[in-house]
Amino acid sequence: MFNPRFLVVSLGNPLPKYESLHSAGHFALNGLVKALRQPPFREVKLGKQTCLVSQGPKYTLVQSPTLMNISGPFVAKAWQEIVRQHDASSTSLVIVHDELEKAFGDVRLTPWDRSHRGHNGLKSVKKSLLQDKFPESPFARIAIGIGRPAERDAATVSKYVLDKITVEQRRVLEEAVPFDVAKRLGELEDEWRTEIEP
């Protein structure tokens with residue numbers, strides 16, 4: 001019987017210290033607890049680090065506790081810990097991250113092997129965790145659009161993603177976006193079920 005489980009990890013810089021668009025994944029996960037009717041976040045030791053975790057029967061939601069650019073080792077350790085507890089063939093890894101190339105609030109299910117487009121958090125995760133080692137486990141990404149400034153130089157883009165977010169941006173990320181993230185998780189499960197069941 002198909003009984004899927006999902007480890008959903010958001011990438012970003014730790015909250016509340018870094019309340020920026022670059023941490024859109026964390027804000028979305030805050031709201032996803034409500035959208036999926038999950039237990040509240042609590043501090044738990046996972047992947048050898050203390051982090052915020054919401055543990056439900058199907059979804060384990062985790063906010064990566066590290067700085068964005070060095071997320072990989074934590075994600076790899078957390079994944080290995082989860083697959084030691086549950087069969088890898090029934091467990092999926094989903095990374096939730098910000099995406100400059102999409103309109104603000106746009107939520108897309110993205111293939112794992114698609115280019116990281118210079119996103120250092122994704123780069124770090126892909127370097128630390130090879131999907132080839134877990135061929136039965138679907139790895140996927142959910143990209144949350146944060147828009148981008150008109151100017152494309154590195155300094156402007158960096159300021160844009162790292163500046164403190166507005167109250168309205170935060171409201172959208174925590175109250176509207178999570179329901180779209182929940183839908184994308186449902187789509188991923190449907191795709192997976194189609195592959196497994198005849």
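The model is a predicted one, in which local features need pLDDT of at least 70, side-chain atom pairs count only at pLDDT 80 or more, and totals for chains, interfaces and linings use all residues. Residues are numbered from 1 along each chain as its sequence is written, and side-chain values use heavy atoms, leaving out hydrogens and water.

Let's stay with this first pair. Helix α1 covers residues 24-35, and helix α5 covers residues 167-196; helices here are DSSP runs of H or I with at least four residues, strands are E runs of at least two, and both are numbered from the N terminus. The axes of α1 and α5 come within 7 Å and cross at roughly 70°, with axes fitted to C-alpha atoms over the stretch in contact and angles running from 0 to 180 degrees between N-to-C directions. The two helices are therefore roughly perpendicular to each other (65 to 115 degrees; under 35 is roughly parallel, over 145 roughly antiparallel and the rest oblique). On the α1 side the contact (heavy atoms within 4.5 Å) includes Phe 27 and Leu 32, and on the α5 side Leu 173 and Phe 179 are among the residues involved. By class, this contact has twelve nonpolar, two polar and two charged residues (Ala, Val, Leu, Ile, Met, Phe, Trp, Tyr, Cys and Pro are nonpolar, Asp, Glu, Lys and Arg charged, and the others, Gly among them, polar).

Next come α2 and α3, packed at an angle of about 45° with axes 7 Å apart. That makes α2 oblique to α3. Gly 72, Pro 73, Val 75 and Ala 76 of α2 meet Ser 124, Val 125 and Ser 128 of α3, a set with four nonpolar, three polar and no charged residues.

Now for the pockets (open sets of points on a 1 Å grid where a 1.4 Å probe fits, with protein on both sides within 12 Å along at least five of seven lines; lining residues have an atom within 4 Å of a point). Volumes are the space filled by probe spheres set on the points, which are joined across faces, edges and corners.

| Pocket | Volume | Top contributor to lining |
|---|---|---|
| Largest | about 360 Å³ | α4, five residues |

Of the 19 residues lining the largest pocket, His 22, Leu 100, Gly 118, His 119 and Val 157 lie nearest its centre.
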